[in-house]
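Please walk through this protein model from its overall makeup down to single residues.

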Amino acid sequence: LMAVEVEALAAQYSDSRFLNVLLVNKPHGLRTALQSVLQGFFNKQIEWVESQRLDPDSTPVANAFSRFPRFVDQLVALWDAAAHAPRLLCSNDSFDSTSDGFLTSPVGRGIHLVGERLFAWLQNVCQPLRQEKAVLARLENLHFFVTSMEGRGGQALRKLFTWAESTLQETLDAVVSNLMHDHFSHLVKFVDDIDELLLSYDTDQVKFSLSRLQLAKVMQLLSADAIATGLSNALRSVAEMSATPQTSTLIISRLQRSLIKTYVRYANHVKNCYGDVVQPSAEQVNKQLEATIEEFGPLKRS
């Protein structure tokens, strides 16, 4: 409450030299004293975070992450309650957690700092893990943060949430890219090769560098049965990650979109560069993917 009052008075009476000396001027202003006390509190929270251990096999979402939403909610609730309290000396405008001023307040800065150190801790504890375990641990905790912290923390976590959302998408893309290269290497290589050739040649010249015989081999490797087998193997790889059902569904959904997008590019390249039509069509492949995912019991989507 005192921290909110100091910020409110400082904003309301910014032209008052006396109040500036009393409230905000360093090193003896009341704001500095409050910041020192609150900084000690947030430093203890950071010490607790950095003392935690990560055991992705037993607890996919680390305690440091699972407790963060409640920690933030309690602080924001206290701040907003104080911000909305009636005042005699100044107005009640623009001091709650949704205001830009919250980020520069000692509580807003503290929440943001704990959030930043939370992700730094995750990076550090993932380093000794095997690559597969480290990627999954980042994915699980990023996914938890993005799904649980949306709309929480006010302005204090807005930038951090955007960063986490972007990092989650990048991590997902990396996981799916590995699955695509592991289980659909012929499709990925053909599309990449054509993309590379089209940087230097027109569509009608591509067949002179990548012959029809080579195309026929690729088309044979991308039959409906081969695609179904590749997807089944990819789903087993996802199952072997031992991800939570929510994260598994996220990976599978992204894998399906990536596979269809790449297959559409493959079909377009074949039509534009060779004048042929691929079988099965992209629509048929998508239906087949839906059926294969639905039949795959361990990862059946809700």
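The model is predicted. Its secondary structure consists of 15 helices and zero strands. The protein has 302 residues, and 42% of them count as buried. Among contacts with a separation of 6 or more, 74% join residues 24 or more positions apart. The accessible surface amounts to about 16,700 Å², and carbon and sulfur atoms contribute 52% of that area.

Helix α13 covers residues 224–240 and has 17 residues. The expected span of a helix is 1.5 Å times one less than its number of residues. Several of its residues are buried: Ile 227, Ala 228, Gly 230, Leu 231, Ser 232, Ala 234, Leu 235 and Val 238. The cover over these buried residues includes α9 (158–183), α14 (245–274) and α15 (282–295). Just after α13 comes Ser 242, which has a positive phi of about 60 degrees.

Next come the cysteines. The structure contains zero disulfides. Cys 126 has a relative accessible area of 1%, so this residue counts as buried, the limit being under 20%. Cys 273, with a relative accessible area of 3%, is therefore buried by that limit too.

Where is empty space left inside the protein? Rolling a probe the size of a water molecule over the atoms shows this. The structure has one cavity of 30 Å³ or more. The largest cavity holds about 40 Å³ of space. Its lining is made up of Pro 56, Pro 60, Lys 133, Leu 136, Ala 137, Glu 140 and Ser 242.

The last stop is a loop. Ser 97 sits in the loop between α5 (68–83) and α6 (101–104). Is Ser 97 buried or exposed? With a relative accessible area of 4%, Ser 97 is buried, because buried means under 20%. Leaving aside residues up to four places away in sequence, Ser 97 touches Val 76, Trp 79, Asp 80, Phe 102, Gly 154 and Gln 155.

Definitions and conventions
Residues numbered from 1 in each chain as written. Predicted model: local features only at pLDDT ≥ 70, side-chain atom pairs only at ≥ 80, totals over all residues. Heavy atoms only, no water. Helix = DSSP H or I, 4+ residues; strand = E, 2+ residues; numbered from the N terminus. Buried < 20%, exposed > 50% of the residue type's maximum accessible area, 1.4 Å probe, protein only. Contact = heavy atoms within 4.5 Å. Areas by Shrake-Rupley, 256 points an atom, 1.4 Å probe, with all protein chains shown as cover. Disulfide = S-S within 2.5 Å. 1 Å grid on protein atoms, 1.4 Å probe; cavity = no way out; pocket = protein on both sides within 12 Å on 5 of 7 lines; lining within 4 Å. Points joined across faces, edges and corners; volume = space filled by probe spheres on them.
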